[in-house]
Each structure stands twice: as structure tokens, then as C-alpha cells.
Amino acid sequence: MLQISVEPAVALIDVERRITISGAKPQAKVTLKTQTKRAGHDWTSEAVFEADAQGAIDLTRDAPVSGTYQGVSAMGLIWSQNHSEQGMFPLFHPDLSRALETTITASSGDDSSDALLVQTLMTEGVIREEVRVNGLVGTLYRAAGSEARPAVMIMNGSGGGVNEPRAALYASRGYHALALGYFGAEGLPKYISNTPLEYFEKGLDWLRDAVKPKDDFVAISGQSRGGELVLLLGATYPQKVSAVIGYVPSAFVHGGQAAADPALGRDGPCWLYQGKPLTHIWDNNRFASWKPYDDGTQPRRNSAAMRTALADPEAMRKARIPVEKIAGPVMLISGGDDGAWPSDYYSLLVQSSLLAAKHAFPVAWYNHPQAGHSILFPYVPATQIVHAHPVNGNLTTMGGEADVNAQANAASWQAVLQFLSQATV
């Protein structure tokens with residue numbers, strides 16, 4: 001009789017599981033299927049394995065002979081999940097205290113068996129608090145326990161909104177975490193254009209006052225435009241930022257791009273400081289052009305346009321983020337097949353600038369040569385790579401393939417935890 005074992009069956013989402021099958025006939029073909037309900041949508045995967053001479057299958061050891069993923073991958077049944085509907089869908093329930101439950105079904109001939117794999121985002125004792133104060137819009141996740149803890153402030157990228165899943169996971173790993181929205185959420189501007197940096201300074205001050213972090217440590221973490229933003233904030237407010245974590249960041253200030261107010265255009269200003277727009281790399285750039293993107297074959301790559309701006313050294317100089325002003329450790333995560341912008345090249349420039357300035361703090365750069373822009377979250381589906389523009393329907397790719405993006409998702413999060421552990425010693 002087939003039996004499925006999931007070890008551990010219930011754990012935080014960042015914990016890799018060992019999925020094994022026993023009781024099959026020697027060398028029999030066994031089909032594994034998964035189904036997960038994510039925010040009301042069904043996500044599924046399927047893979048066929050051949051049992052060994054003892055009738056066993058171990059996903060940490062065995063590769064499927066066919067299915068939604070290839071090669072040996074302990075969590076391949078999770079990251080290769082997809083949905084049958086059109087569009088991009090959330091990976092988590094709106095209520096993050098509700099665990100993700102994946103049903104795994106094994107079948108071979110007339111024999112079948114089910115098991116449950118449960119992924120949680122919030123450990124017991126983590127407290128969620130909505131933040132609507134002094135113009136700030138976000139959500140605070142307090143780590144469990146009464147002892148002092150370090151803190152992290154998290155910002156999303158050009159998708160806007162409030163990144164609560166990341167904050168919940170940070171809190172579950174022992175950090176007070178504020179997911180701070182700055183556009184694209186209720187009570188905030190619809191567009192990224194003309195966003196004042198002083199808003200984030202208020203967020204840093206409020207977080208320190210609210211949680212009284214251990215050793216006054218407040219790191220900032222951001223992805224994509226948020227990765228650009230955290231480097232910019234670290235350079236602008238060095239005494240208020242203890243460490244910087246930039247997922248697929250930029251070394252330069254950019255304009256509004258796809259998240260811009262249409263009245264200002266995608267080349268309009270994104271960030272304001274002291275009421276004035278910051279010079280961005282498209283300003284008076286002799287070579288910057290959207291033509292490689294606009295006229296590109298589908299799925300299009302935003303990075304093709306971004307690279308044109310790198311032909312003007314003077315524009316680059318004026319828009320470069322002065323990262324050498326950052327007064328703390330810096331961590332950079334990039335993908336070598338980034339379809340949004342060349343985050344690997346940008347990260348190299350940031351690292352080089354810091355090393356040239358003899359930065360007094362650790363600098364860590366983790367580049368994933370084949371991964372794309374969507375280096376996000378450990379052990380979730382990595383199949384949402386290409387998306388259609390909501391108005392014109394044009395297809396855009398973030399780059400990479402599901403398998404390498406999934407590897408980058410898991411590896412980058414473990415690297416972040418190690419980085420913060422060392423930074424808070």
C-alpha cells in the first residue's frame with residue numbers, strides 16, 4: 001500500500017521538507033499530484049517517478065521521469081505549481097495567520113494515498129498591527145516575546161502595495177517588521193511618481209519609537225524599485241539605517257517607469273527630497289530610449305531599454321546613488337537574466353563603489369547568474385514569470401526559468417537571515 005511521508009508536515013514556509021513514498025511495487029511508476037488553494041485560486045503540479053527496488057521514492061534523492069519540473073528538487077512539487085486561469089495571482093491568503101495547505105496525492109495503478117504539507121507564515125505569538133498614523137500606511141508584525149528585538153522596514157517595488165508576507169516571515173524569525181506602503185494601497189497615492197523620501201524617514205522614526213529595537217538596530221529591505229529605494233535611503237539617512245538589503249536593486253535613481261502617473265509619463269520624477277525631484281538616469285540622457293522595449297518581440301524585456309541609458313557616462317554620474325554614504329552593512333541580491341533591469345550589473349557597480357570607498361562595514365553580493373528579476377520568497381510557486389500589461393495586453397518577462405528562480409528564492413532568504421544575524425551581533 002502506498003504511503004506518503006512529509007517531514008516536517010507543518011512548519012514555517014521557509015523550511016524545506018522531505019517528501020517520501022513507500023509501499024510501491026519495485027520500479028513501478030508513481031504519479032504525485034499537488035493542489036493548494038491560494039487566495040481562492042487552485043494551484044497544481046504533477047510529476048511521475050519510478051520507485052526503487054524497495055518500492056520507495058525520496059524527492060531529496062530522486063528526479064521525476066516527467067512532470068512539471070525536472071531534476072532532483074525536494075520542493076519541486078511546490079515551486080512548479082501553476083494555475084489554469086489567466087493573469088497573475090497572489091501566492092498567499094489575505095489573512096496570513098491562515099496556513100497554506102497542500103494536498104499531495106500519490107497514485108500507482110489502483111493504489112493511492114494522500115498527505116498534507118502545511119506552510120505557515122506566522123509563528124505563535126507574532127502580533128499583527130495596522131499602521132495608520134502620521135500619514136504612514138503599513139502593517140507592523142511584532143516578533144513573539146517581550147525581549148528587545150532588532151527591526152526591519154520592508155518596501156515593495158513597482159507593484160506597490162504593502163508586503164505583509166515578507167514582514168510576517170521576518171517577525172517569525174525574530175525581527176519586528178514594518179511593511180511600509182508608499183503607493184498603490186488604500187490611503188496612498190496611486191502612482192510612484194513624486195514620492196518624498198521624508199515619508200520613509202517618518203517610517204524609520206515611527207518604527208524605532210514603536211518597538212524600541214534591540215541596540216537601536218533598524219535594517220531596511222526592498223525589492224526592485226524598493227531595492228533602489230533602500231540604497232537611496234541608506235545614503236540619505238545613514239544615521240537612521242543600520243543595514244541595507246537590496247533585492248534586485250538599482251545603482252541609479254530612475255524615473256517612474258511603468259508605475260508612473262500618466263500625466264507625468266514614465267520619464268517623470270519618482271523620488272523627491274526636500275521638495276525637489278532627484279535627478280534620474282533618463283534626465284538629459286543622450287542615448288536612453290524606450291524603443292528596444294516598445295518595439296521588442298514579445299515577451300518584451302524592460303532591461304533592453306534600461307541598458308540604453310548606460311551609454312551616457314555623465315547621466316550615469318548624476319543619477320548614481322552615493323552608496324558610500326551608507327553607514328552599515330549592505331547586502332545585494334541579483335539575477336543574471338533579469339528581464340526588468342540589469343540588477344547584476346547594478347549590484348556590481350554598488351559593490352565596486354563601496355569597496356573603492358573602503359566601506360567600513362561588510363558588503364555581501366549574491367548573484368544568481370541564470371535567475372530573473374522575480375527573486376522573491378522561499379518555497380512558493382516560481383512559475384509567474386511572464387505577465388500581460390493590464391491595458392494594452394503586451395507581454396513582459398521578468399526573466400529566468402522557474403527552477404533557477406526557485407533556487408534563488410530559497411538561497412537568497414537563507415543568505416538574508418545569515419546576513420542579519422551577523423549584522424546584529
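I started at Pro 8, which sits in the loop between β1 (3–7) and β2 (10–12); helices (H or I, at least four residues) and strands (E, at least two) are DSSP runs, numbered from the N terminus. The model is predicted, so local features need pLDDT of at least 70 and side-chain atom pairs count only at pLDDT 80 or more, while totals for chains, interfaces and linings use all residues. Residues are numbered from 1 along each chain as its sequence is written, and side-chain values use heavy atoms, with hydrogens and water left out.

The peptide bond from Glu 7 to Pro 8 is cis, with omega near -10°. I found another cis bond from Gln 298 to Pro 299, with omega near -5°; Pro 299 belongs to the loop between α5 (291–294) and α6 (302–308). I noted these since most peptide bonds are trans, and most residues other than glycine have a negative phi.

Next I checked phi. Val 248 has a positive value of about 35° and is in the loop between β16 (243–247) and β17 (271–273). Is Val 248 buried or exposed? Its relative accessibility is 0%, so Val 248 counts as buried (under 20% relative accessible area; exposed is over 50%, partly exposed in between, with a 1.4 Å probe and protein chains only). Lys 358 also has a positive phi, near 55°, but Lys 358 is exposed, with a relative accessible area of 71%.

Leaving out residues up to four places away in sequence, Phe 200 touches partners including Met 153, Tyr 182, Leu 229 and Trp 271 (contact means heavy atoms within 4.5 Å).

**Helix α4.** I compared its length with expectation: the 12 residues of α4 (residues 225–236) should span 16 Å at 1.5 Å a residue, and the end C-alpha atoms are 16 Å apart, which agrees. The expected span is 1.5 Å times one less than the number of residues. Of the 12 residues, 11 are buried, so α4 is largely enclosed by the rest of the structure. Arg 225 and Glu 228 are among the buried ones.
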